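Here's a quick tour of a protein model for anyone just getting started with structures. Have a look at the sequence and the 3D view, then work through the points below.

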Amino acid sequence: MLFKTTEEHEALRARIREFAETELKPQTFLLDKENAFPTEIVKQLGKMGILGIPYPKEYGGMGLDIISYAIAVEELARVDGGTGVILSAHVSLGSWPIFAYGTEEQKQKYLIPLAKGEKLGAFGLTEPNAGSDAGGTETTAVLEGDHYILNGGKIFITNADKAETYVIFAVTTPDIGTRGISAFIVEKGWEGFTFGDHYDKMGIRSSSTAELIFNDVKVPKENLLGQEGQGFKIAMSTLDGGRIGIASQALGIAQGAYENALEYSKERIQFGKPICQQQSISFKLADMATKLRTSRLLIYSAADLKEHHEPYGLESAMAKQYASDRCLEIVNDALQIFGGNGYLKGMEVERAYRDAKICTIYEGTNEIQRVVIASHIIGKMPKEETAPGPKKGALTGVRKKLILKEGTAKERVDALVESLKADGYDFTVGIDIDTPISKAERVVSAGKGIGSKENMELIKALAVQAGAAVGSSRPVAETLKYVPLNRYVGMSGQKFNGNLYIACGISGAGQHLKGIKDATTIVAINNNANAPIFKNCDYGIVGDVLEILPLLTAALDNGEPKKPAPPMKKMKRSIPKNTAPAWKTYVCSGCGYEYNPAVGDPENDIRPGTTFDALPEEWICPDCGEAKDSFIEV
Ligand code: CAA
């Protein structure tokens, strides 16, 4: 297919380019350096109508086509990759599912402000155990009266706390796989809906990315998007369109880097002539231009198919995979053309090099795009029949999760100390509180819940009596600066591989939990009973750290200075036994055939993950033909 954009498309491109060059470009260096969201730019984009480009005018949009939308993302990303994805996540992911699946009331209430740019949208699908395998969603929504009660969390969410309206995916019927997932519209500000701290990312730093945390969030029944159980299909079809946005973002980043390199290559004189006249550089530029052209054709082809309501999932996956893979090659060549100058901070090509990488990762890794493309060509690969394992869940693995609730604060603290001693901890010995985290046998760590800086004295006092070093969560080191940066614990910080980890006022963001997953024993002290840390601990006390820490410090104090601890010996973790699958077993009364939900009944189109209760009434025993109701629970 050959694409020639219309005069209207090119007029729109010129308008957005001028805006991006004059308004956005002067800010990009600082936005990147300071990890700052371009609030004013997004407001202006809203006023220009760009946030509602492909939506009908009656819903507050500009009523333009999908190619226009692709051009808008491309032109913003040409100057700043982060701003490109803000638009893409808002239009494709936060708004489109409401446009495509929402009721008229939902469109009136939510789509119109999104399309008018009065509100920003976001999309919550990804979870710690549901990245590429999006069907592994663990966030739950349980219907109670007029509300669904939402619990769980989402990670890596673009627009995170800058958005006001979220499309969130959660399990409404457990144990039946993707058909048990539903979609909901969730508003910022609802009780129990909070955010993790912004990730400190390699690139697209002007876009805000954070975790969403749901603790008993009451979602009105009428905010169910589509039907119960339709959520996975809503997510997948939304991503089909989203991938056009990310392809356009990759194209824009590559286009900007190419233009910069081309200009530089005309100015830079070596061996007596501009380097663009050296064959090695001119060939690079020729390849870059060709890759940009082919990427653009693929993107516009997918956009045009979508615009005309033709199937476009194959083309959007091809466009996303191809444009982002080519983008990495183009930014690499662009930086090479700049030579040492391109390697310096503040150079646009250096930022483009960092911004580009995410495009091969999010909205479906490029490996997943190839899965999608291959499934269109040769059909879906048969799924492996895996035996039911323990439920996924805690990021720190299987933990005891003994939350001490009985009695006064002192009684709970005493019960904790008794349990720790029974597990083999000797509190007559200790290590220096400044021992490096990676070498420490025990760590007492502070989270933001510790409050003001003087409360760090409580942490230090507890560390002394627990015979531990002092650590912290990332925000306590990075944002609050209560401890040096080399003392924060997490996936991106120090890994704790010792025995006892006492988390004080730490909510339990995914990145922190990944840094303590090898701890033998995790103790959580937090005033929020729903904090994720409690699902990841061995012992927990729900209470105010300012009350609990002094009590715990006193309970561990034997009145004598701690003796130097012997060299660390890694203790064995005790694993609770009850980790068997949650479903019931049914056996055919005719022939003894046992129905296994992990396997399903593929010959009769029953997918793995389908529980016995969810089998259709007309289903019969595959071995002897007995009716479903003749099965007995064992
Ligand atoms: N449209 C509609 N329905 C679809 C669909 C689509 N494109 N793709 C699949 N489905 C349906 C299937 O027909 C099937 O329906 P039935 O149950 O009726 O048979 C159901 O969904 C399940 O399909 P699969 O068995 O193929 O599902 P799967 O579990 O094997 O997963 C996958 C397939 C393609 C790997 C999918 O999990 C996937 O796309 N993973 C990547 C997730 C992803 O892109 N995440 C991005 C998060 S958002 C983000 O990154 C944004 C950002 O930061 C900017």
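In this predicted model, helix H3 meets helix H4 through Tyr69, Ala72, Val73, Leu76, Ala77 and Val79 on the H3 side, and through Gly81, Thr83, Gly84, Leu87, Ser88, Val91 and Ser92 on the H4 side. Sorted by class, that contact has eight nonpolar residues, five polar ones and no charged ones. The rest of the briefing goes topic by topic.

**How H3 and H4 sit together**

- H3 covers residues 66–79 and H4 covers residues 81–101; their axes come within 6 Å and cross at roughly 155 degrees.
- Angles over 145 degrees count as roughly antiparallel, and H3 and H4 are therefore roughly antiparallel to each other.
- Here's a handy rule for reading helix contacts: an α-helix has 3.6 residues a turn, so residues three or four places apart point the same way.

- Is strand S4 enclosed or open to the outside? Seven of the seven residues in S4 (residues 165–171) are buried, so the strand is largely enclosed by the rest of the structure.
- Thr165, Val167, Phe169 and Val171 point one way from S4, while Tyr166, Ile168 and Ala170 point the other way, and all are buried.
- S4 pairs with strand S1 (residues 121–124) in the parallel sense, over four bridges. Look for Gly124, which stands opposite Ile168 in S4.
- S4 also pairs with strand S5 (residues 181–187), this time running antiparallel, with seven bridges joining them. Val167 has Ile185 of S5 as its bridge partner.

**The nonpolar cores**

- The largest nonpolar core has 111 residues, and those with the most contacts inside it are Leu150, Phe169, Val186 and Ile299.
- Helix H6 (residues 231–267) gives this core its largest share, 15 residues.
- What does Val186 touch, leaving aside its neighbours within four places in sequence? Val186 is in contact with Leu150, Glu164, Thr165, Tyr166, Ile168, Phe193, Phe214 and Val219.
- Apart from that core lies another one, of 35 residues, including Leu416, Phe427, Ala446 and Ile548.

**The six-stranded sheet**

- Six strands make an open sheet in the order S11-S17-S16-S15-S13-S14, and the pairing is parallel.
- Which strands stand at the edges? They are S11 (402–404) and S14 (469–472); each has a single partner strand, so one side of each is left without a neighbour in the sheet.
- Neighbouring strands of this sheet are turned by 20 degrees against each other on average, ignoring direction.
- Inside the sheet, five bridges join S13 (residues 442–446) to S15 (residues 500–504), and the two run parallel. Ala446 stands opposite Cys504 in S15.

**Helices on that sheet**

- Helix H11 (residues 409–422) packs on the sheet, touching S11, S15, S16 (521–526) and S17 (539–542). The direction of H11 makes about 170 degrees with that of S17.
- Helix H12 (residues 456–466) lies across S13, S14 and S15, and runs at about 170 degrees to S13.
- Met456, Ile459, Leu462, Ala463, Gln465 and Ala466 are buried in H12. What covers the buried residues of H12 includes S13, S14, S15 and helix H15 (545–556).
- Just after H12 comes Gly467, which takes a positive phi of about 70 degrees.

**The three-stranded sheet**

- Another open sheet has three strands in the order S20-S19-S21, with antiparallel pairing.
- Its edge strands are S20 (594–595) and S21 (631–633), each pairing on one side only.
- S19 (residues 586–588) pairs with S21 in the antiparallel sense over three bridges. Cys588 stands opposite Phe631 in S21.

**A lysine in a loop**

- Where is Lys201? Lys201 lies in the loop between strand S6 (193–195) and strand S7 (209–220).
- Is Lys201 buried or exposed? The cut-off for buried is under 20% relative accessible area, and Lys201 has 16%, so Lys201 is buried.
- Not counting residues up to four places away in sequence, Lys201 touches Ser207, Ser208 and Thr209.
- Asp216 is 15 residues from Lys201 along the chain, and their C-alpha atoms are separated by 30 Å.

Terms used: Residues are numbered from 1 along each chain as its sequence is written. This is a predicted model: local features need pLDDT of at least 70, side-chain atom pairs count only at pLDDT 80 or more; totals for chains, interfaces and linings use all residues. Side-chain values use heavy atoms; hydrogens and water are left out. Buried means under 20% relative accessible area, exposed over 50%, partly exposed in between (1.4 Å probe, protein chains only). Two strands pair if DSSP finds at least two bridges between them. Axes are lines fitted to C-alpha atoms, for helices over the stretch in contact, and angles run from 0 to 180 degrees between N-to-C directions. Angles under 35 degrees count as roughly parallel, over 145 as roughly antiparallel, 65 to 115 as roughly perpendicular and the rest as oblique. Contact means heavy atoms within 4.5 Å. Ala, Val, Leu, Ile, Met, Phe, Trp, Tyr, Cys and Pro count as nonpolar, Asp, Glu, Lys and Arg as charged, and the others, Gly among them, as polar. A nonpolar core is a set of buried Ala, Val, Leu, Ile, Met, Phe, Trp, Tyr and Cys residues joined through side-chain atoms within 4.5 Å.
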